[in-house]
Amino acid sequence: MKIVLGIAGASGSIYPARFLKKLLELEGETFLIVSPASIRIFREEYTIKVGSPQDILDFVIEKWNVDVKNKIHIRPFGDIGADIASGSNTWSSMVVLPCSMKTIASINAGLTENLIERCADVTLKERRRLILVPRETPYNQIHLKNMLSLDQAGAIILPASPGFYQLPKSLDDLGDFIASRVFNLIGIETDLYKKWSPE
Ligand SMILES: Cc1cc2nc3c(=O)[nH]c(=O)nc-3n(C[C@H](O)[C@H](O)[C@H](O)COP(=O)(O)O)c2cc1C
């Protein structure tokens with residue numbers, strides 16, 4: 001499976017970190033776009049010195065000793081002429097995890113000023129699956145209207161709101177909850193979280 005993963009600058013680095021961990025372990029191909037703001041947030045939330053998308057990948061691989069099977073292609077955030085800026089390249093789904101309110105607003109307005117926004121725009125116009133994982137609280141009407149409009153345009157809004165009914169024991173468990181929901185939506189079965197059963 002070929003997907004695009006955008007990491008935008010919202011709180012919750014645990015979500016892309018745990019999603020990447022699992023993704024790297026799976027066969028497939030991924031185009032990775034990381035915004036400068038998200039790198040800054042990784043630095044703050046993991047208290048580590050990362051300065052580039054490759055640093056984030058290396059951090060995930062080393063932290064969890066990942067056996068990498070996925071082919072990852074990093075594409076620069078500012079490269080609006082990259083291969084994946086065109087719908088002539090095919091990918092089945094794009095995920096923006098997490099997604100800032102700024103990126104939500106830009107995608108909704110069709111601005112396409114950077115490669116995350118451009119790819120999201122292409123994903124929608126090509127009628128492929130676009131999953132946006134917003135993180136903000138509380139929401140104002142602008143946020144809510146943008147998300148409603150994106151849903152109407154075909155995107156899936158999957159809030160970074162992990163459930164607690166399966167008794168998570170760690171932050172990693174909360175990250176895996178959201179990662180597992182994203183994997184479900186892009187059609188990849190994982191063992192990240194057991195399916196709910198009342199027994
Ligand atoms: C530490 C930190 C945490 C942030 N958390 C959020 C957040 O949870 N949600 C959000 O919408 N923006 C958040 N922001 C603001 C965005 O990073 C900012 O709007 C940025 O321009 C987003 O750009 P990007 O979407 O291109 O990455 C945060 C910024 C910093 C520095």
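Residues are numbered from 1 along each chain as its sequence is written. In this predicted model, local features need pLDDT of at least 70 and side-chain atom pairs count only at pLDDT 80 or more, while totals for chains, interfaces and linings use all residues; side-chain values use heavy atoms, with hydrogens and water left out.

Helix α2 spans residues 36-46. Helices here are DSSP runs of H or I with at least four residues, strands are runs of E with at least two, and both are numbered from the N terminus. Within α2, S38, I39, I41, F42 and Y46 are buried. Buried means under 20% relative accessible area, exposed means over 50%, and partly exposed lies in between (1.4 Å probe, protein chains only). Seen down the axis of α2, the buried residues fall within an arc of 160°, so they line one face of the helix. The arc is taken over the directions from the helix axis to the C-beta atoms. P36, R40 and E44 are exposed on the other side of α2. Contact means heavy atoms within 4.5 Å. Just after α2, T47 adopts a positive phi of about 40°.

Two helix pairs were examined. Two packed helices are described by the angle between their axes and the distance between the axes. Axes are lines fitted to C-alpha atoms, for helices over the stretch in contact, and angles run from 0 to 180 degrees between N-to-C directions. For α2 and α3, the angle is about 35° and the axes lie 10 Å apart. The crossing of α2 and α3 is left-handed, that is, the near helix is turned anticlockwise from the far one by less than a right angle (right-handed if clockwise). I39, F42 and Y46 of α2 meet P53, I56, F59 and K63 of α3. By class, this contact of α2 with α3 has 6 nonpolar, no polar and 1 charged residues. Ala, Val, Leu, Ile, Met, Phe, Trp, Tyr, Cys and Pro count as nonpolar, Asp, Glu, Lys and Arg as charged, and the others, Gly among them, as polar.

The second pair is α4 (residues 101-109) and α6 (residues 141-152). Their axes are 9 Å apart, at an angle of about 50°. α4 and α6 are therefore oblique to each other. Angles under 35 degrees count as roughly parallel, over 145 as roughly antiparallel, 65 to 115 as roughly perpendicular, and the rest as oblique. The crossing of α4 and α6 is left-handed. From α4, M101, I104, A105, I107 and N108 meet H143, N146, M147, S149 and L150 of α6. The residues of this contact divide into 6 nonpolar, 4 polar and no charged.

Three further buried residues were examined. D176 lies in helix α7 (residues 171-185). Its relative accessibility is 7%, so D176 counts as buried. Leaving aside neighbours within four places in sequence, D176 contacts R18, L192 and Y193. K22, in helix α1, is buried at a relative accessible area of 11%. Not counting residues up to four places away in sequence, K22 touches F183, T190, D191 and L192. A160 sits in the loop between β6 (156-157) and α7. At 16% relative accessibility, A160 is buried. With neighbours within four places in sequence left aside, A160 contacts Y15, V133, P134, R135 and I178. A160 and G9 are 151 residues apart in sequence and 13 Å apart in space, C-alpha to C-alpha.
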